[in-house]
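I opened the notebook for a quick pass over this chain. Overall shape comes before any single residue.

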Amino acid sequence: YTTIDDPSAFFQAILYEGGTANAKTFSGNSDLALDLFLGKKRSVAQSFMVVDSVRGIVNTLQANLNNVSFTDSEADDIASFDSNGFTFNDTGDQFNGTSTDASYVAWCWKAGTAFSNDASSTSAGSVNDTAGFSIVTYTGTGSNATVKHGLSTKPSWILVKGINRDENWINYYGDATDYLQLNSDVASVDAADIWQDTHPTTSVFSIGTSGKVNNDGSNYVAYCFANKKGYSKASSYVGNGSTNGPFIFTGFRPALILMKLSSTGGNWKIFDNKRDPFNDGTGNTFNVNENGAEDDNTAYAIDFLSNGFKVPNTNGNMNVNGHTTTYLAFAHNPFVTSTGIPATAR
């Protein structure tokens, strides 16, 4: 059923309190030497912080903004990615604040194997082919080009961001003619100058002439995810507008779900099994395209099941009758392991 019996070797979410011990340790069944960190303060407004091992862990992007990468002058940076967690330089509000409301969540992925290659646009990065994840940096040419993604399978989900340009986060979600923007609630946009109306191959993804993904001389980062049975899935579902909402089969019990109403405007919603460990008729979520505090509300009810998830609400960001929602999900447990052990719902 799967080649990944323990998803915690490749993805883990962690909750932690700021201002405490600067080293934070994961609690999964396997150690996780992370390469991508996405973090957020929970109780108050603050941006989503994006750090990775390829760009360098002192360089931060913000998932809800279109700004350039920055280095925090207050030493509020991650000092190291460790063998099973991460360590901060100091206590600071961005990652590790000392105030009474300094509770944080971080979602972390492992890549780990360096690669470099000249496609038509020079690329280099870190890849984990088993988990179907790579981090790629490349330099734009301004002309139609291809970028090596490092995986042996076609990515189903790609996020591209200009590192030294004020550009939106551009999302390939399986439609080669359109794109979404992670830092915006707008619907998908039809544009041939983003992906050249061309799907990724098993070796490269295509970029057009738009400065959003390919300005001459500008630097970009791309986070690439391929579907892996029992571990990860990028796909979509059509809403029915009912409290008996759609069931979405993933082939695993989810640990993380990121979703966006793609056929019309709507906020990006993110759910995980750490902040909301039970199917209790509510959903504990953020809008990733905004900096707002966490919201636990029956309007966002979501059920994590042994083989997928169900959306038992009529929320206009999650379940609109006849409209498509795209999602990216990662596993807590595969539905059935390679040894035949089944998963249960949470």
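What radius of gyration does the chain have, and what would a compact globule with 346 residues have? I read 19 Å for the chain. A compact globule of 346 residues would come near 20 Å, so the two agree. I note that the model is predicted.

**Whole chain.** I looked up the box next. Along the principal axes, the C-alpha atoms fill roughly 50 × 45 × 40 Å. For secondary structure I find two helices and 27 strands. Then I checked contacts with a separation of 6 or more: 63% of them join residues 24 or more positions apart.

**Surface and charge.** I get 56% of the 346 residues as buried. The accessible surface is about 12300 Å², and carbon and sulfur atoms hold 46% of that. I count 33 negative side chains and 21 positive ones. The centres of these two sets are 6 Å apart.

**Ser232.** Ser232 sits in strand 19, which covers residues 232–238. Is Ser232 buried or exposed? Its relative accessible area is 6%, and the cut-off for buried is under 20%, so Ser232 is buried.

Which residues does Ser232 touch, leaving out those up to four places away in sequence? I list Ala131, Ala226, Asn227, Phe252, Ala329 and Phe330. With Ala226 there is also a polar approach: its backbone oxygen lies 3.1 Å from a polar atom of the Ser232 side chain. Last, I took a C-alpha to C-alpha distance.

How values were computed
Residues are numbered from 1 along each chain as its sequence is written. This is a predicted model: local features need pLDDT of at least 70, side-chain atom pairs count only at pLDDT 80 or more; totals for chains, interfaces and linings use all residues. Side-chain values use heavy atoms; hydrogens and water are left out. Helices (H or I, at least four residues) and strands (E, at least two) are DSSP runs, numbered from the N terminus. The radius of gyration is taken over C-alpha atoms; the globule rule is 2.2 Å times the number of residues to the power 0.38. Buried means under 20% relative accessible area, exposed over 50%, partly exposed in between (1.4 Å probe, protein chains only). Contact means heavy atoms within 4.5 Å. Accessible areas come from the Shrake-Rupley method with a 1.4 Å probe; for residues, only the protein chains shown count as cover. Lys and Arg count as positive and Asp and Glu as negative; His and the chain ends are not counted. The place of a charge is taken as NZ of Lys, CZ of Arg, CG of Asp or CD of Glu. A polar contact is a pair of N or O atoms within 3.5 Å; within protein, one must be able to donate a hydrogen and the other to accept it, and residues adjacent in sequence count only if both atoms are side-chain atoms.
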